[in-house]
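This briefing concerns side-chain packing and pairing in a single structure. Please consult the sequence and the model alongside the text.

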Amino acid sequence: MTTLKFPLEYDQDGSLVTLEEGTDAFYAQLLSISALTEPGTLPFSPEFGVLDPSFRVVNRGLFMIQASRFVPEVEILEAEGELAEDTGTTSLRVKFRRV
């Protein structure tokens, strides 16, 4: 099953870019969405997500637990968060492999 790429993008012929299920890009997007979603946001899955990391580093342990729970098709090899103190923005670099 294909899914829309987030954030939305258009290809050269004006179609929305999609990701094929099972690809690294698909799983990278799922992991990104789990890190960007605040728990309680999704009514049918209120535990999904990680607490808002604005102005602090993403909780690595919580992210790893959520990833293993909601995206069991991948194994997280490394997760490293960083906070840019001058802008208050956070980044999360994740290395994973499909299992």
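The points below cover the nonpolar core, the aromatic pairs and the salt bridges.

The model is predicted, so local features need pLDDT of at least 70 and side-chain atom pairs count only at pLDDT 80 or more, while totals for chains, interfaces and linings use all residues. Residues are numbered from 1 along each chain as its sequence is written, and side-chain values use heavy atoms, with hydrogens and water left out.

**Nonpolar core**

- The largest nonpolar core has 14 residues; such a core is a set of buried Ala, Val, Leu, Ile, Met, Phe, Trp, Tyr and Cys residues joined through side-chain atoms within 4.5 Å.
- Two or more residues each come from α1 (24-36), α2 (60-70) and β3 (74-84), where helices (H or I, at least four residues) and strands (E, at least two) are DSSP runs numbered from the N terminus.
- Helix α1 gives the largest share, four residues.
- Among the residues with the most contacts inside the core are Tyr-27, Leu-31, Phe-63 and Phe-96.
- Beyond four places in sequence, Tyr-27 touches Gly-22, Val-71, Glu-73, Val-74, Phe-96 and Arg-98 (contact means heavy atoms within 4.5 Å).

**Aromatic pairs**

- The whole structure holds two aromatic pairs; rings of Phe, Tyr and Trp (its six-membered ring) pair if their centres lie within 6.5 Å, with planes under 30 degrees apart counted as stacked, over 60 as edge-to-face and the rest as tilted.
- Phe-26 and Tyr-27 are edge-to-face, because their ring planes stand at 80°, with centres 5.3 Å apart.
- Both Phe-26 and Tyr-27 are buried (buried means under 20% relative accessible area, exposed over 50%, partly exposed in between, with a 1.4 Å probe and protein chains only).
- Phe-48 and Phe-70 are also edge-to-face, with centres 5.1 Å apart and planes at 85°.
- Phe-48 lies in the loop between α1 and α2 and Phe-70 in helix α2, so this pair ties together parts 22 residues apart in sequence.
- Phe-48 is buried at 12% relative accessible area, whereas Phe-70 is partly exposed at 27%.

**Salt bridges**

- Five salt bridges are found in the whole structure, each a side-chain nitrogen of Lys or Arg within 4 Å of a carboxyl oxygen of Asp or Glu.
- In one of them, the closest N and O atoms of Glu-9 and Lys-5 are 3.0 Å apart.
- Arg-69 pairs with Glu-47 at 3.9 Å; Arg-69 lies in helix α2 and Glu-47 in the loop between α1 and α2.
- Glu-75 pairs with Arg-97 at 2.7 Å, linking strand β3 to strand β4 (residues 89-98).
- Glu-75 is partly exposed at 33%, and Arg-97 is partly exposed at 43%.
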